[in-house]
Amino acid sequence: MNHIQITASFGSLDLQVDASFANQFIIVSGENGAGKTSLLRCLAGLESPRGMLQLGDKIWLDSSAGFNLPAQQRQLGCVWPDAALLPWLSVEKNIVFGADAVNSQWLLALATQFEITALMQRQPCMLSTGEMQRVSLARSLYRKPAVLLLDEPFSAQAPAIRQRLRLCLKGLQAELAIPVLMVSHDGADARILAQQHWHMRAGKLLLSLADMQESSRKNKGGKR
Amino acid sequence: MLESLFISLQLALITTIILLLLALPLAYALAFKSFRGRTVLEVVVALPLVLPPTVLGYYVLLMIAPDSAMGRAWNAVFDTSLAFSFSGMVLASVLYSLPFAVQPMQQALRSIPVSWLEMAITQGLSFRQTLLQLMLPAAKGGVLVAAALSFAHTMGEFGVVLMVGGSIPGETKVASIALFEMVEMQQQSEAWMLALILLAVSFVMLSVVYTINRQGLQMGMGK
């Protein structure tokens, strides 16, 4: 199991999250400014919240002991709103950026799944925003991360490709057996991907899986 | 004339190499770190921009004089004087051109998008990897501009090298001082030639700087 128990202040936002989860696909939704991105940044080690973070048997954060594992050592895969592709590297070099050795089989598998095989030798300036986003998805998975943090990874994707990407991410999550936290406003993402659905408001989690099952049972019951 | 030009080129080249090595950590600290004495450091680095070169030269001369601590240490190790020597001029030139090396690098480092740096961190890159694979390639234009400006600025020094070097022919008499002495001695044709060469060097260096800056705007800071 993985445990998050953190508090942090970002301007007017007081983030306060207490949750446990298995290596599941978690959709995080909520209004703008609810703290979704801040939560992901805390998990990525880009912020220093108070409290405790435990992923599997690894402690990432224990602020009472003054311990905060550097982001570099968290084995993360991240997709942020800015694809942050380096303009002087080809798409392929961007995907393997920072990796010690190139695993060409895995690279090809990811490129195929994210539909970017034809783009591999191009420079990022020749890509559309949607293509950049898919490259950044491939990059996040290339190092086979222990945790995947996705901040609206489909925001620039056309509806037709979103469904294929969902299935592809679902398959990769199962294959790697890692927790995935994905911020999304798209109800279809939650329906298809969510094994847990966290809804955030003003820095707090409102809904857990149990709540969601409960409410969906009630909804179905009501319709009959 | 050729001798003085050669000394100038040698001085500019050595100064530029030292400056690139010295300016990078300074530029990094000023671009990304907040620490006590940051403003003081920034002012000290920028001082040569506004200080009369003779003032800087005077203080460097005091610092390296044979009876100063540094002068004595130098003498003990190398058995020669630092004042009125080529090495003394290198030291003075490094200080004099420091802002021309630090500031372009500092700006280039500061203009690297935070999202790129965060991407590198979350991709697991160590500081060394981030420096070599992200920061330096991203700030390449700034480093080249720093090199070109340091070189050109050192070539054009007068007051500092005169104070510290003392215009010893074949050792510390650089082209700009040679030009002054030529004019003084009414050697018009030689002065004309040397001035033209110095003008050409500056022109080429600045052309390099502007070309890099334009390419940087087109390519780097897009997406």
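α1(B) passes α8(B) in a right-handed crossing. I started there, and I note right away that I am working from a predicted model. For this pair I looked up the geometry: α1 of chain B covers residues 2-32, α8 of chain B covers residues 140-155, and they pack at about 145° with their axes 8 Å apart. Next I listed who makes the contact. From α1(B) I have Ser8(B), Leu11(B), Ala12(B), Thr15(B), Thr16(B), Leu19(B), Leu20(B) and Ala23(B). The α8(B) side supplies Val143(B), Ala146(B), Ala147(B), Ser150(B), Phe151(B), Thr154(B) and Met155(B). Sorted by class, I get 10 nonpolar and 5 polar residues, with no charged ones.

**Still on α1(B)**

I stopped at Tyr28(B), which sits in this helix. Buried or partly exposed? I wrote down partly exposed, because Tyr28(B) has 17 C-beta neighbours inside 10 Å and buried would take 20 or more.

**Chain B as a whole**

Of the 223 residues in chain B, 39% are buried. I then took the contacts with a separation of 6 or more: 77% of them join residues 24 or more positions apart.

**α7(B)**

Which residues of α7(B) are buried? In this helix, residues 127-138, I found Leu134(B), Met135(B) and Ala138(B). They cover an arc of only 85° around the axis, so I put them on the same side of α7(B). On the face turned away from that buried side I noted the exposed residues Arg128(B) and Leu132(B). I then looked for what the buried residues pack against, and got α5 and α6 (114-122) of chain B.

**A helix pair in chain A**

I moved to α3 (residues 104-113) and α4 (residues 129-142) of chain A, whose axes come within 10 Å and cross at roughly 145°. This crossing is right-handed. The contact uses Trp106(A), Leu107(A), Leu110(A) and Ala111(A) of α3(A), and Ala138(A), Leu141(A) and Tyr142(A) of α4(A). By class I have 7 nonpolar residues here, with no polar and no charged ones.

**The core**

How many residues does the largest nonpolar core have? I read off 118. Those with the most contacts inside this core come from both chains: Val28(A), Ala138(A), Leu149(A) and Met182(A), plus Ala23(B), Met105(B) and Ala146(B). Helix α5 of chain B (residues 86-110) gives the largest share of the core, 13 residues. Going back over my lists, I see Ala138(A) in the α3(A)–α4(A) contact, and Ala23(B) and Ala146(B) in the contact of α1(B) with α8(B).

I followed up Met182(A). Leaving aside neighbours within four places in sequence, Met182(A) is in contact with Ile26(A), Ile27(A), Val28(A), Leu150(A), Pro153(A), Asp189(A) and Leu193(A).

**Between the chains**

Last, I looked up the contact of the two chains. Chain A puts in 19 residues and chain B 20 residues. The chain A side divides into 14 nonpolar, 3 polar and 2 charged residues.

Methods
Residues numbered from 1 in each chain as written. Chains lettered and ligands numbered in written order. Predicted model: local features only at pLDDT ≥ 70, side-chain atom pairs only at ≥ 80, totals over all residues. Core = buried A, V, L, I, M, F, W, Y, C linked by C-beta atoms within 7 Å. Buried ≥ 20, exposed ≤ 12 C-beta atoms within 10 Å, placed from the backbone. Helix = DSSP H or I, 4+ residues; strand = E, 2+ residues; numbered from the N terminus. Contact = placed C-beta atoms within 7 Å. Nonpolar A, V, L, I, M, F, W, Y, C, P; charged D, E, K, R; others polar. Arc of directions from axis to C-beta. Axes fitted to C-alpha atoms, helices over the stretch in contact; angles between N-to-C directions. Left-handed = near helix turned anticlockwise from the far one by under 90°.
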